[in-house]
Amino acid sequence: MGTSAGQTPAPASVRRAIARHSFCTLATSSGSRPHCVGVLYRAVGVVLYVSTSGSSKKARNIGGNPRVAVCIPIHRYPMAPPFLVQFGGTAEILSAQQPTIAELLESRQLKKITAHGELDDPDACFLRITPDRTVHTYGIGIPLRTVLRDPIHASATFDLGAP
């Protein structure tokens with residue numbers, strides 16, 4: 001799978017882009033009511049972890065519908081639009097006591113998303129977002145010249161592989 005211009009970013013470049021950034025928009029839905037919110041995340045591999053409150057709208061929505069969409073903006077050049085990594089995925093709600101979360105907290109891998117007192121909230125929980133295999137990008141792995149001269153062909157779709 002690739003762009004109509006024939007470029008396909010390597011999965012490694014997209015994995016790097018996901019790992020190097022920490023902000024994304026997360027879309028959830030409840031029935032016919034979509035909800036999109038900006039969140040801080042921490043990537044462990046390509047799986048994203050988000051700290052939130054169990055009573056938040058995003059957590060309530062995920063409790064009823066685990067399907068989510070994620071868009072990670074990547075600002076590289078001031079004269080070009082932001083590059084993007086976009087994907088659908090499945091989200092799970094995990095408590096801070098859940099073994100995977102406890103291990104990540106102990107190893108300080110979630111420090112960037114828990115450094116503001118999030119764990120002091122008795123309603124604190126985590127979202128674990130596992131991307132679908134198909135990932136869409138804009139600008140990632142595409143020559144800047146193509147992005148600027150032919151932005152319609154600056155996107156790609158590919159198989160990310162297993163998380």
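Predicted model: local features only at pLDDT ≥ 70, side-chain atom pairs only at ≥ 80, totals over all residues.

Author: Is arginine 128 buried or exposed? Arginine 128 counts as buried, because its relative accessible area is 16%, and the cut-off for buried is under 20%. As for what surrounds arginine 128, leaving aside residues up to four places away in sequence, it touches Val47, Leu48 and Tyr49, then Thr90, Ala91, Glu92 and Leu94, and also Thr100.

Now for the cysteines. How many disulfides does the structure hold? The count is zero. Cysteine 125 is in no disulfide, and the nearest cysteine sulfur, in cysteine 24, lies 15 Å away. Cysteine 125 is also buried, with a relative accessible area of 5%. Cysteine 71 has its closest cysteine sulfur in cysteine 36, but the 8.1 Å between them is too far for a bond, since a disulfide needs the two sulfur atoms within 2.5 Å. Like arginine 128, which is buried, cysteine 71 is buried, here with a relative accessible area of 18%.

For a contrast, hop over to methionine 79, in the loop between β5 (67-74) and β6 (83-95). Methionine 79 is exposed, because its relative accessible area is 52% and exposed means over 50%. Together with Tyr77 and Leu148, Met79 makes a nonpolar patch on the surface, and the accessible area of the three together is about 290 Å².

Methods. Residues numbered from 1 in each chain as written. Heavy atoms only, no water. Patch = residues over 30% accessible without salt bridge, like charges linked within 9 Å, V, L, I, M, F, W, Y side chains within 5 Å. Areas by Shrake-Rupley, 256 points an atom, 1.4 Å probe, with all protein chains shown as cover. Salt bridge = Lys/Arg side-chain N within 4 Å of Asp/Glu carboxyl O. Helix = DSSP H or I, 4+ residues; strand = E, 2+ residues; numbered from the N terminus. Buried < 20%, exposed > 50% of the residue type's maximum accessible area, 1.4 Å probe, protein only. Contact = heavy atoms within 4.5 Å.
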